[in-house]
Amino acid sequence: MNAISDISSPAETAWRIQPQGDRCLIVSFGDQIDAAIGRTCLAAARKLRDAGLPGVTDVVPSFVAVAVHYRPDGLGNGPTYADLAERIEALLADGIAADNAAGREIDVPVCYGGDYGPDLLDVAKAAGLTPDEVIGLHSGPRSMVFMLGFAPGHAYLGVHDEKLNLPRRASPRTAVPAGAVAIANRQTVIYPNRL
């Protein structure tokens, strides 16, 4: 591994730092969606925000990584990738406190089937379940919001039971109403506006 383009952690919580273009670096904590990795991403993002690193314009957690956006000025005054990666490595090596904050619990009412859930029967068939079993698996356990993305307020929740590890639709819908709830890849997304 090249220390300038790829830095890994020897610590308990492993991470890898890599460039993402000329104004962003990615701190990766894993390669699969997992609640523990998601909480690590949230804790690392909080630590990086609290550090107030010079030149950093945004810190964005996702399922398995944290994006650190920065503004190099080209005159040697702003952070370079190598300098910023080194500072982040030192911060994270000092420890990442567990993010055990309960956060806010929000009940999201969902209508299943009929005009409001036209895919329920297809989802049940693909999962080898009855519609009631799909509803039970989807609505029963609490889910964690891993990230917001795609559109402002577009929440990605999970991780659902393995039985809900379904692929995305083969042909995407051309219109999705605001408030629609979709299941794919053991995740749920809630569409904040009409697409």
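Arg169 is partly exposed, at 42% relative accessibility; buried means under 20% relative accessible area, exposed over 50%, and partly exposed in between (1.4 Å probe, protein chains only). The model is predicted, so local features need pLDDT of at least 70 and side-chain atom pairs count only at pLDDT 80 or more, while totals for chains, interfaces and linings use all residues. Residues are numbered from 1 along each chain as its sequence is written, and side-chain values use heavy atoms, with hydrogens and water left out.

Five salt bridges are found in the whole structure (a side-chain nitrogen of Lys or Arg within 4 Å of a carboxyl oxygen of Asp or Glu). Among them are these:

| Pair | N to O distance |
|---|---|
| Arg142 and Glu105 | 2.9 Å |
| Asp119 and Arg169 | 3.5 Å |
| Arg186 and Glu162 | 3.4 Å |

Asp119 and Arg169 form a salt bridge. Because Asp119 lies in the loop between H2 and H3 and Arg169 in the loop between strand S7 (155-158) and strand S8 (181-184), the pair ties together parts 50 residues apart in sequence. Helices (H or I, at least four residues) and strands (E, at least two) are DSSP runs, numbered from the N terminus. Asp119 is partly exposed, with a relative accessible area of 23%.

Arg186 pairs with Glu162 in a salt bridge. Arg186 is in the loop between S8 and strand S9 (187-190) and Glu162 in the loop between S7 and S8, so parts 24 residues apart in sequence are tied together. Salt bridges with shared partners join Asp119, Arg169 and Arg173 into one network.
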